[in-house]
Amino acid sequence: MISFVLSLLALILGYFLYGRFVERVFGPDDRPTPAVAQADGVDYMVLPSWKVFMIQFLNIAGTGPIFGAIMGAKFGPAAYLWIVFGCIFAGAVHDYMSGMLSIRHGGANLPDIIGAYLGNTTKQVMLVFSVFLLMMVGVVFVFSPAKIMGDMWEPAFFVDHFGKYAFWIVVIFVYYIVATMLPIDKIIGKIYPVFAFSLLFMAASLMIVLFIKMPHIPEVWQGLGGREALTSKSIFPCLFITIACGAISGFHGTQSPLMARCVKNEKMARPIFYGAMITEGIVALIWASVAMYFFYDQPTPGYELVEGGAAAVSDAPSVVNLVCRDWLGLFGGVLALLGVVAAPITSGDTAFRSGRLIIADFLKMEQHTIRHRLTICIPMFACAVALLVWQMADKEGFNMIWSWFGWSNQTLAVFTLWAITVYLVRQHKPWIITMVPAVFMTCVCTTFLLSEQAFHVDGHYTWLIAAAACLIAVTWFVVWYRREKRC
């Protein structure tokens with residue numbers, strides 16, 4: 001538990017110290033924000049700062065800091081290091097800078113921001129890449145809650161005529177359409193803070209129980225203490241893809257513009273963007289520690305003490321349900337249900353909302369008119385439904401989509417970090433703060449694609465691939481930097 005306490009303190013200090021430094025680097029001021037200057041009553045409007053924070057937190061979190069942390073804990077206490085250093089020096093910087101750039105560019109979407117600094121060709125690629133990623137987010141966050149609720153109850157008529165889980169899939173998609181179409185304050189502004197509070201309350205409750213139980217979980221300096229990791233995958237690069245939302249996630253960059261259009265003053269951006277990411281890191285840290293107890297507690301792993309635990313070692317949603325019910329009772333079961341059902345649904349609907357706005361910007365189609373919103377939403381949801389049908393028809397469909405989602409999510413973060421680095425160079429500001437995580441994540445994503453995801457290059461060459469990717473990224477940056485300075 002010492003590693004947990006030190007990591008928790010590091011995240012809190014990271015917000016107050018490094019977060020303040022990053023804020024000074026960017027330099028917020030009192031200029032009118034898009035919420036004030038471009039208010040349209042649909043997507044651009046001033047919301048209370050506390051509400052913007054809660055919505056931002058739930059938008060970027062979903063089940064990411066829960067499921068990712070649980071699966072990442074299988075690599076051992078190295079998960080602590082990635083959550084802490086990734087969150088403070090990469091993820092929170094990524095979220096704050098992308099949010100601030102959106103504010104400075106009139107509430108621009110992520111592809112527009114990337115295009116402004118990496119060129120129009122990159123913008124077009126990222127536009128397609130972002131929309132496809134957002135549809136994958138919506139699809140993967142439909143099936144898991146539909147499965148959980150369908151296993152609890154589902155009308156027999158739907159099961160007999162349309163198959164298992166069809167009823168809840170339809171219900172969730174109807175909600176997606178309504179939430180995506182309506183002004184942001186009608187549903188998202190009202191119910192998201194409630195769900196965000198539930199997610200935070202669940203995490204805080206589990207942290208209290210951790211301190212009461214004080215389990216003997218592995219410390220960073222001890223490793224696994226002779227115990228075998230519960231995964232055969234290598235820490236590099238797999239850990240850095242598995243734990244995404246609790247450390248750094250490109251998906252966050254697609255969500256920050258939603259709240260950039262609702263911020264009244266730029267000086268509120270640090271608690272909203274940097275703070276929400278640190279908060280998500282704390283949630284991930286708590287769940288990583290809970291998972292350490294479940295997988296590795298001494299002298300008996302937690303899963304051997306919880307009924308049905310042995311069968312749930314590889315199933316993150318089941319770990320959530322089992323631990324919450326065992327530690328928090330019936331109330332914990334309700335919170336777990338909110339965590340694994342409501343959280344992914346709310347991330348899914350904001351993903352589709354972001355997709356609608358990105359497509360609308362590309363088509364230069366204003367979104368105040370409902371007809372224009374429908375014009376974009378109908379084909380977008382049709383594509384998502386087709387992807388979902390394929391996923392359900394193929395027994396490996398979900399795992400395949402989730403795997404590609406993980407890689408594409410972090411790859412989007414790579415392009416965002418490089419775009420921010422270019423911005424900082426041109427503004428004569430300390431660009432090293434984003435250049436270092438950009439190079440590192442470039443190595444991670446390139447290595448994962450070649451060795452794990454697509455080409456399955458022999459694992460013995462992993463570090464050679466990483467070194468080559470790092471060298472190419474640094475060389476490209478140095479060449480561009482020298483040319484930029486000559487201009």
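How many salt bridges does the structure hold? The structure holds eleven, a salt bridge being a side-chain nitrogen of Lys or Arg within 4 Å of a carboxyl oxygen of Asp or Glu. The model is predicted, with local features requiring pLDDT of at least 70 and side-chain atom pairs pLDDT 80 or more, whereas totals for chains, interfaces and linings use all residues. Residues are numbered from 1 along each chain as its sequence is written, and side-chain values use heavy atoms, without hydrogens and water.

Within helix α2 (residues 18-26), Glu23 and Arg20 lie three residues apart, about one turn of the helix; helices are DSSP runs of H or I with at least four residues, numbered from the N terminus. Their side chains form a salt bridge at 3.0 Å, N to O. Glu23 is buried because its relative accessibility is 9%, while Arg20, at 35%, is partly exposed (buried, under 20% relative accessible area; exposed, over 50%; partly exposed, in between; 1.4 Å probe, protein chains only).

Asp29 pairs with Arg104 in a salt bridge, with 3.6 Å between the closest N and O atoms. This pair links distant parts of the chain, 75 residues apart: Asp29 is in the loop between α2 and α3 (34-37), and Arg104 is in helix α6 (residues 78-104). Asp29 is partly exposed at 24%, as is Arg104 at 22%. Both residues belong to a network of salt bridges that also links Arg31 and Glu266.

A further salt bridge joins the side chains of Asp30 and Lys267 (3.5 Å, N to O). Asp30 lies in the loop between α2 and α3 and Lys267 in the loop between α13 (250-260) and α14 (269-296), 237 residues apart. Asp30 is exposed at 57% relative accessibility, whereas Lys267, at 44%, is partly exposed.

Note on methods:
Helix = DSSP H or I, 4+ residues; strand = E, 2+ residues; numbered from the N terminus.
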